[in-house]
Amino acid sequence: MGTSTRITGRGRLALRAAKAASWASLKAGRGKGSMIGGLVALKIDPRLMEQLGRGRRTVLVTGTNGKSTTTRMTAAALETMDSVATQADGANMDAGIVAALVANQDAPLAAIEVDELHTPHVADALDPEAIVLLNLSRDQLDRVGEINMIERKLRAGLERHPDAVVVANCDDVLVTSVAYDHPNVVWVAAGAGWAGDSVSCPRTGEPILWEDGHWRSTGSEFARPEPDWWVDDENLYGPDGLVLPMTLTLPGRANRGNAAQAVAAAVALGADPAAAVAAAGVVEEVAGRYKTVQVGPHSVHMLLAKNPAGWQEALSMIDPTVDGLVIAVNGQVPDGEDLSWLWDVRFEHFEGVQVVASGERGTDLAVRLTYAGVEHTLVADPVRAIASCPPGRVEVLANYTAFRDLNTALAKGAAHV
């Protein structure tokens, strides 16, 4: 189905206005302009997303952590079949989704990252063929609210899409509850490094009992389903005895789980499993995350984390032999202004690593590190924090706006300060 046959007259007007707004933003030096273009387009035609989704086979990816990485891997796996519309920058709310669909209007496939709160209405607009559910944990309670509320909203949203394939992480209690009653689920044992938000059954309130990697509710029959796909340190295992060696460029156990769900989603749409694994394996950078940049005498490896579960996973990726570790924390609105979650993260295992607390809320972090018994210095400016480390390899772990602003500073050459 061509673009012209699925876009209304009002929609075409919205697209022209979006193009003009994006051009103006670019000329004014205020970025690429895709987000402002999406916002303008939706103001003119609130149903534009639905029109842009018609005729596409779409995969939605949602969850608290790993959305951008899994979406990038899913897009890579789907590209083994045909061209794919997807976000390049992790903009996962309505304007960013519309911008991604506008940027590649003729792509027959789409891999779309979606914020958890937006997933139900985005699914209604795009009628996805597959929905990937990664994990659910606390994240910005001031914006998102209690996690059990998100679980209930996602569960209700899935009920409206019984034909979609739901690719769900059976190691995550809340995700399993979202998908448990759906008629078309592919279960993936993608891991659950954080169980702090799954101590009670979301359906009965009774305790969850964990035994040897399996879990069950003590108050009902609700329990971990048997997975269709699972991973170990070497292979990906799938239906009908499928075993595929899986080597990833991206680090960490969590990314092996992300890759498993990406491959399972692509296979659900018809991708060859081996080709999908190979494509996911070569993904090496996601919107600046995991990249390594040279900053003077320092080789700087960039990691992003946004919430307790993400921080715990990212901390496990830190190489203990590095010459320095900069941890940068801001508390702006996109980060969540309440940083009490710092006390939920285990910072205690950095013996022998030179640690620098940094960011606008570096003092809060320094207090937490002190109580964790981690020797550290405090340098508020992340660029100067990097410079304070011994020459050699430096890991930088930052939350959202600290990561964004540091990337911007490095791009502008502030590294030479």
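## A pair of neighbours in sequence

D405 is partly exposed, because its relative accessible area is 32%, where buried means under 20%, exposed means over 50% and partly exposed lies in between (1.4 Å probe, protein chains only). D405 forms a salt bridge with R404, and the closest N and O atoms are 2.9 Å apart; a salt bridge here is a side-chain nitrogen of Lys or Arg within 4 Å of a carboxyl oxygen of Asp or Glu. R404 also counts as partly exposed, at 35% relative accessibility.

## About the model

This is a predicted model, in which local features need pLDDT of at least 70 and side-chain atom pairs count only at pLDDT 80 or more, while totals for chains, interfaces and linings use all residues. Residues are numbered from 1 along each chain as its sequence is written, and side-chain values use heavy atoms, with hydrogens and water left out.

## Other salt bridges

Side chains of opposite charge can pair when their charged atoms come close.

D171 pairs with R224 at 2.7 Å between the closest N and O atoms. Since D171 lies in the loop between β5 (165-169) and α9 (173-179), and R224 in the loop between β8 (214-217) and β9 (229-231), the pair ties together parts that are 53 residues apart in sequence; strands (E, at least two residues) and helices (H or I, at least four) are DSSP runs, numbered from the N terminus. D171 counts as buried at 11% relative accessibility, and R224 is buried with a relative accessible area of 14%.

## Helices α10 and α11

Two packed helices are described by the angle between their axes and the distance between the axes. The axes of α10 (residues 253-268) and α11 (residues 273-281) come within 9 Å and cross at roughly 140 degrees, where axes are lines fitted to C-alpha atoms over the stretch in contact and angles run from 0 to 180 degrees between N-to-C directions. On the α10 side the contact (heavy atoms within 4.5 Å) is made by V263, A266 and V267, and on the α11 side by P273, A276, V277 and A280.

## Helix α12

Seven of the nine residues of α12 (residues 308-316) are buried, so this helix is largely enclosed by the rest of the structure. The buried residues are P308, A309, G310, W311, Q312, A314 and L315, and they pack against β13 (298-304), β14 (324-328) and β17 (392-398).
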